[in-house]
Structure formats: C-alpha cells, structure tokens
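Have a look at the structure, then read on.

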Amino acid sequence: MMAALLELKNVHTYYGHIHALKGVDLHINQGEIVTLIGSNGAGKSTTLRTISGIARPKRGQVFLNGKDITGMKPHEVTALGVGHVPEGRRIFPLLTVQENLEVGAWNVTDKATINARMQQCFELFPRLKERLAQKGGTLSGGEQQMLAISRALMAQPSVVLLDEPSMGLSPVLVEGIFEIIKRINADGTTVLLVEQNAQMALQIAQRGYVLQTGIVALQDSAEMLIQDETVRKVYLGEN
Amino acid sequence: MESSRKAANPLRQLVGWFTTPPVTGHWSYRFILYPLLQIIAFISVIALFLSAIAYLLAFLFPEPRPNILLLQQVNRQLPGMIISGISIGFVYAMIALGYTLVYGVLKFINFAHSEIFMVGGVIGFEVMRRIDDAGFIQTWNPVLLITTIVLAAMLSSGLLAVFIERVAYRPLRNAPRLIPLISAIGVSFFLTDFVRAAQALIRNDFNLTYPTNDLEWLRGAIPVAFGEVTVNVKPTSIIIVLGAVVTLVALNFFVNGTKLGRGIRAVSQDQATAGLMGINVNRMISLTFFVGGAFGGAAGTLFGMNVGTITPYVGFIPGVKAFTAAVLGGIGNVTGALLGGLTIGMLEAFLQGLLVYFPALGQRYTDIFVFLILILILIFRPSGLLGERVDEKV
C-alpha cells in the first residue's frame, strides 16, 4: 500500500475540558479529494485545526509524508506544505487584496515567483484582479472566499485544507467554488474538504469520512457513502 | 457600503485622505510626500484649533488679571507656544507609538513602556557622557554625534523591550488579560529601581545631567522672528523635530512598504490566520516590541537632551501623557498616535503659556487638563479620534 500524504493516528484534542476529538484515525493519499462530513460540533474543524497546528492534540500523532508533525506551530506546518483555508475565510480586513495574497506567499522570497503565482490565481478568479488595491474587508462574501482560497494557494501547498468553503454563499457561487476545487485538485493539489453541503462534497470527492461527536463513524468511497442509508437520512436530508 | 456613504461628505473624505495611508501610487508619494503632508496637516489643524480657542478665551476674558490684556499675551506668545508644542508633541507621539504598536498586535497595554523610554534617556546620557569624557564631544560632527546617541538609545531600548516581552509577557500569553498588565507594572518598578541602583553604584548619583552645556551649538538659542515677536528656539527642539520626522517617515515605510511591516499588520489583524500563512507570530511580536521600544528610546534621549536632566523616575508622567495621546488618537492606530501626541503636546504648551494669566489657576494645573482629556475620551469616544477601524465582515 502506498504511504499516505497526510495521516492522523488516534488523535485526541481538547478545548479546555471539552473532549473534541476522541481518537480520530484518517489518511489522505496523494492527489485525492477527501471530504469530512458531520453535523455541527462533530469535530470537523477541530480536525483541520489539529492538522495545521492551531489546536494541539493531547494524544495521538499527525504525519505529513511520513514525518511526525504533531505539536508543531502553524507556521512550521505551513512551511512543510499544508495550506489551510479557515472557516469564515478570515481575510485580513485592512490589508489590500494584493497584500493578502503576498502574505499568503510568506515563505517565498522571490518576487517573480510571487507574481507568477498571483497570475495563476487570477486565472482561477479573474474577479480578484480588479480588486487588487481594495481592502480585504470591503470584498463581498464570495470574493472573500475566492481570496481566502487564492491566499492559501500562493504558498503552493501539497495539501490544502478547506473549511466550509460554501458557507454563506449563493448556490451559483457554491457551484463555482466546487468547480475551482476540482481544478485545483486536477492541477496536483491534494484536498481535504470539510463541508456542511455533504451532497456536493461527496460528488467531487473520491473518499469521505463521517465524523460523529469526535469519532469517525463511517469511512468509505464517496459513491458508497452517497448510497449509505444513514448518510442519506442524516446528512443528505432524504427520507 | 460604508465607504460609499462616507464619500458623500467632502469633509469626511478629506479627513479620511489624511488619516488613511494610501495603498497605491508612486513610492515617493506613498512613503515620503504623503507622511510629510500628513504631519504638516496635523500640526496646522491642531495649531489653528488651539489658536482659535485661545482667541476665544481672550474675547471672553479680556482682562483676567488687572492690567493684563489676554489678547496681547496671546498675540505675543502664540508662535512660541506652537513651536514648543510641536517639539513636545513629537516626543509624546514617539512614545505613544510604542503603546499603540504593542496594543495593535497583543491587545495589551505595555505599562513598562514609560520605563523603556526612561532607559533610552539614560543610555543616551551614558553615550554622550562617555564621548565627552573621552574628549571627542567638541570635535565630532554634530549630526554624527546626535545620530550616534539616538541610535544607541534606540537599539538598547528596542532590545530591552524585546527582552521584557520574552521573560515577562510571553509566558503569560494565555493567562487572563489582567495578569500581563500586573506583570508590566512589576517590570516598570523593577526597571526604575534597577537604574537607580546601577547609577548610584556607578556615579553615586541618579540625577543624570546631559553634558549639553559643553557644546556651544547646543547651549544657545536661535532667535526666530515672527513679525514683531521674536522667539528663542532651543537647538534641541530642532533636533527633536528633525529626528522625529525622519524616524516617523521611516516607520511609515517600514509598516506600509515592507514585507515585515505587512507581517506585523497581518498579525495585528488576525494572529491565528497569520500563523496559517507561515508567519512566525512570536517573531513578529518581538519585532513589534523592538520597533516600539526603539521609538520610546529615541524619545527618551531626545527628551533628556531637551530637558537636560534624566532621573530613573522621569518616565512616569510623559509615559501616562503619551498613553493619553495613544488613547486620544485611537489605540492600535499608528496615525492616531501621531495625531494624539501632537494634540496633547500642543495643548500642554498652550496651557503652560496661558494658564498663568488666570487667577487661582497657573501652570501647575496643566496636567489636570491633559488628563481630563483622557477621562472625557474614555467616556465619550473610547475608540479615540481615529478609532480602530476594523470593519470585519463575518
């Protein structure tokens, strides 16, 4: 079996006294789109936060390319090639769009590379090019999401963690964002996608995990999960 | 939405232009012309405003004491008050920057900053004194001499601030907010007594007198004529203004025009997300402390040169006034610190010039009015004149 790009082994994470992750095991292979679905408070965001080092697991390990990254600081994890698009976009509101993108490429010192990557982002989201000199806080929700994704791509991560990219966006925009996620993946970036919109997430993902109160309740290929009865009832809203 | 509504009001637009640094344009405009224009605009507006109030007072109280015509006194003193207001205002602005920069990244008031300012004054004294003892003070080029003293004070105060953050604040980063505040007050007491003890051991005296009298060009006063009025300008006032303008323009470039400045701004807006971008948040916080401390140190030594004597206790009052200035301008806002510092400095100069003519008042009541501003601002506009303009959308 091929070694996983990202692997979590029996990860336990706490927020104060709250036991948010109770032994999560999951892995993502190179080139995959994997989705994490689950209801509010199931631990989806916490899983991403644990991977990128914002939350520190109490027990268990996180491996990236076979290297133990448990307990590393967020900037160290980022330097190893993990991009994280946080929940709620978290654009720097007082930095311009250009500055937001430049901050995304923090570890890149070469100006020409930064410009080339910015051009790649404009190919994905032409709208951002018109907004370059505008402050991040003045963008619409959809534009902020585009900026958040672009900002993570500026570091050219090997795996990108997307936390609820469709939240608060109109259906048209959501479809656009999912198209982009497919394109990013086709260009070679591995994707770990957390979504409330399980229907759409399972359509673009190869595999999925269902989280329930901090543990992995189900894991399977996306096709199997779509057909699974509990998933259909609980997460896809069917009777 | 917000911006389009603001655009309807031309006055607001003008104020906005002077208080929000431009993000586009040629570098010479963004980093040299704009900050200079901003400083000139702030000084002019404050001077006009305070002069208007002074003339209003002269109109309301034409003869506050027998045989003293306030109008005459205002006419005579106005240029002098404005000049001394500018120089003390720049000192306050430079100290206020330290409070505001640190508040920007950590949302924490560094109450030890007034002692970082004091240490800058002491280091400046030590360097100048040693140059004097070595006999070079007469032969050195004045620009080189002042630059050496100021840079030494900046470097040591900056490093001291970084050290304080590392040992006294960083371990308390996740503690309740009051705890680092108490730690800061402790550091402040420690530094005062440490400097006192050290100077008592080295010099047997902790009143440190700058050897400014040994220099011809620093001792005298330069007469400047304003119509019929002649004002004697102290050379140190000119040094303060030049030093402050140069460092403020440099700071504007650093914060708005460099990668590290961008990193500091990112950390101040969203620490967790800045970490996700690959920014070493702790390093940015240290850097912020360095820059803030360096400004405090420069202010300390310029203040020391101007006043002539530094003691270990000298930091408190200017520190609290600069804190008032930072709050007045809007804590966390760099432009606000400049505006607030100049306002407090000018106000103080006007009060010192005119309060003597009022019976039952006098110069010693100056500070009451300055701190009254702090109280009024905290009650009526806690976000300050320029506020912390974070229009976050969630």
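## Contacts and burial in chain B

Among the contacts in chain B that link residues at least 6 apart in sequence, 74% join residues at least 24 apart (a contact means C-beta atoms, placed from the backbone, within 7 Å). As for burial, 44% of the 394 residues of chain B count as buried, meaning 20 or more other C-beta atoms within 10 Å of a residue's own, again placed from the backbone.

This is a predicted model, where local features need pLDDT of at least 70 and side-chain atom pairs 80 or more, while totals for chains, interfaces and linings use all residues. Residues are numbered from 1 along each chain as its sequence is written, and chains are lettered from A and ligands numbered from 1 in the order written.

## Overall build

Chain B has 15 helices and four strands (DSSP runs, numbered from the N terminus: H or I of at least four residues for helices, E of at least two for strands). Its C-alpha atoms fill a box of roughly 70 × 60 × 45 Å along the principal axes.

## A hairpin

Strands E2 (residues 222-226) and E3 (residues 229-233) of chain B run antiparallel, joined by five bridges; pairing takes at least two DSSP bridges. Ala225(B) has Thr230(B) as its bridge partner in E3(B). Two residues separate the strands of this hairpin, and Gly227(B) in the turn has a positive phi of about 65°.

## Where the chains meet

Chain A puts 26 residues into the contact and chain B 22 residues. On the side of chain A, helices H2 (74-79) and H3 (97-104) are the elements giving two or more residues.

How values were computed. A residue is buried if 20 or more other C-beta atoms lie within 10 Å of its own, exposed if 12 or fewer, and partly exposed in between; C-beta atoms are placed from the backbone. Two residues are in contact if their C-beta atoms, placed from the backbone, lie within 7 Å.
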